[in-house]
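Please open the structure in the viewer and keep the selection tool at hand. This tour visits aromatic rings and their surroundings, stop by stop.

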Amino acid sequence: MERNSFLINKKIHQYILPGVLMTVAMQLGNVVDGMIVGNLLGAEAMAAIEISMPVLLLLQMAAMMLAMGGAAEAAVLLGKRDMEKAGGVFTASLAAGLVISLIFALFTPILPGPLAMLLAGNGDLAALAEPYMMVNFVGIPILTIAIIFCYFMNADNHPQLGSALFIIANVVNLVLDFVFIQSFHMGMAGSALSTVIGYLTGMVTVVIYFRSKQRMLRLQKLDKKVFHYVGLAVKAGVPSAAFTLMSALKSVIINSAIVRILGNDPMAVYSVCANAVLIAELCVGGIIGLIQNIAGILYGERDFYGIRTLCKRALTYSYVAIAILLVIFFAVPGVIAGLFGITEGDMLALCETALRIFACSFPFYVYNKFLMSYYQTILQPGLSTVVTVLQGFVVIVPLTLAGIFFWGLPGVCLMAVASEALTILLASLWRMLGQRGGKFAAGGVYMLPQIVGETFLDCSLENNLEEVIAFREKLFAFCADNHITDRDANILGLAVEEIAANIVQYGYRSGQKNYMDISFTIQDDKYMLRIRDDGVPFNPMEYRQQEEEEVMVGGIALIKKLASNFQYMRVLNMNNTVIELNIGRG
């Protein structure tokens, strides 16, 4: 009857497929997009996309900040059962994202040309980059709204819809790439337009989301609180904004140095290495994404056992995937280069060497990505931002410039490995110093707070009535040991008996072995009983007993009268029922 990881592991396996599919769709779309452009328009066109990347990152910076920060904040609020604030963050993030992206779109006639020339450094690359940037300026409102909806749907019981949005978007994108580039001869503008239309098509999933009965987030009327909610999303999203900004600045400096010092051909090879990061992201992004989708809610519920289980499992799966990827990169780098249109000569030899070296950065990259995602999710944006800035700019840029001057393109790839490893070391030192000085919470790398002044009983029950009865007796003994009155103990025992027995009898239809998690906590001035299961949705708050009904839970009405607070939420596709009793009620 001790606490186990059955439900958490079940959620991991339930959420991992949509997360992996979403990441595969997004990153595979980006990678294949580069392959299509490289093969249909040539290596210089692929280099032009890489040159344009800083502009695209800056255009999407607000979207990623509001989407990831807002969704992280909303997930913690849902875990705390504060649906009104969670809905306010959702509404404010969408509104702010739309306003900012529309402002960007107004600059379409003005900025793409000068930016293309500034970043490209020569007229040939600038001519390819300008139409690509121009279409992205026009389409940024569509991309912004799609990205924000995706992350909030993931946090609100619908990871399959977030996944479907990106799958639809990228399938349409890739099909239209061929149509616009090969059939309509639209060149670089066609490549960008296919992306915008793809995301617009993918937003059909938003209609399904709004019709769902299981969604917890609701759009709210905009009022003066909107600025407060935007502030919450922005504060939590600072690491995402920092990552995007650092990536843009890094791309500007490194791309410019490679083009001007090494030339266009090494720039084309480097763009393949940049796509190698997308391939690594393709393999592990969906797995690390479990942290964003699950950990925030567990943190809001103070389920620290569940968080540790989730993190260990996500890292294990990620490193298995990376090990397989490393074997492929070392064994057949020429095949990977060929997919991007580099098939012969000195460029192929250089690309093979570069890819083998660059792949060595993947294990360190995964751990840095985990740290950034985890610290942002548990609302430690300061530490997440430190990792982001170190990885994205402070460490990588000077090392890469040194690599260019001393060893050329192989030096760039070698410094990518060194910078990822050094980032882990520096970030760990910063965290430990902050923990010693009291700036950050103690608790090792996970920084889970020590529970002070709180006594708890945490168990996992198999779905049978004997386990429920045994737990009830264990609860009574726990109450006696902690001097809880017989009246309060009986109320808590009744709650366990009524709700847990109902889960056993009616929550699962398959007859398979399942568990529910039950925790009882004495904290501050109240007793808190939480019962969590992943059976069929059942909201005891909305239940009205009828004599002819099969499910007999009449005791729930009594619990409602006696409890200080009685709440229900369906989060992570699990029923969460929380009963609170005030201490010392007389």
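The model shown here is predicted. Begin by selecting Phe6, which has 29% relative accessibility and therefore counts as partly exposed.

A search of the whole structure finds 18 aromatic pairs, and one of them is made by Phe6 and Tyr515. Which parts of the chain does the pair link? Phe6 belongs to helix α1 (residues 6-41) and Tyr515 to strand β2 (residues 515-523), so that distant parts of the chain, 509 residues apart, are linked.

Next, select Phe90 and Tyr209. With 6.4 Å between the ring centres and 85 degrees between the planes, this pair is edge-to-face. Phe90 lies in helix α3 (residues 83-105), whereas Tyr209 lies in helix α8 (residues 204-211); the pair therefore ties together parts that are 119 residues apart in sequence. Are these two residues buried or exposed? Phe90 is buried, with a relative accessible area of 0%, and Tyr209 is buried with a relative accessible area of 0%.

Now extend the selection to Phe149, Phe152 and Phe210. Together with Phe90 and Tyr209, these residues form one aromatic cluster.

For the last stop, keep Tyr209 in view and select Arg215. Arg215 lies over the face of Tyr209, at 5.5 Å from the ring centre. Tyr209 thus has an edge-to-face partner in Phe90 and Arg215 over its face.

Note on methods:
Residues numbered from 1 in each chain as written. Predicted model: local features only at pLDDT ≥ 70, side-chain atom pairs only at ≥ 80, totals over all residues. Heavy atoms only, no water. Phe/Tyr/Trp six-rings, centres within 6.5 Å; stacked < 30°, edge-to-face > 60°. Helix = DSSP H or I, 4+ residues; strand = E, 2+ residues; numbered from the N terminus. Buried < 20%, exposed > 50% of the residue type's maximum accessible area, 1.4 Å probe, protein only. Lys NZ or Arg CZ within 6 Å of the ring centre and 35° of its normal.
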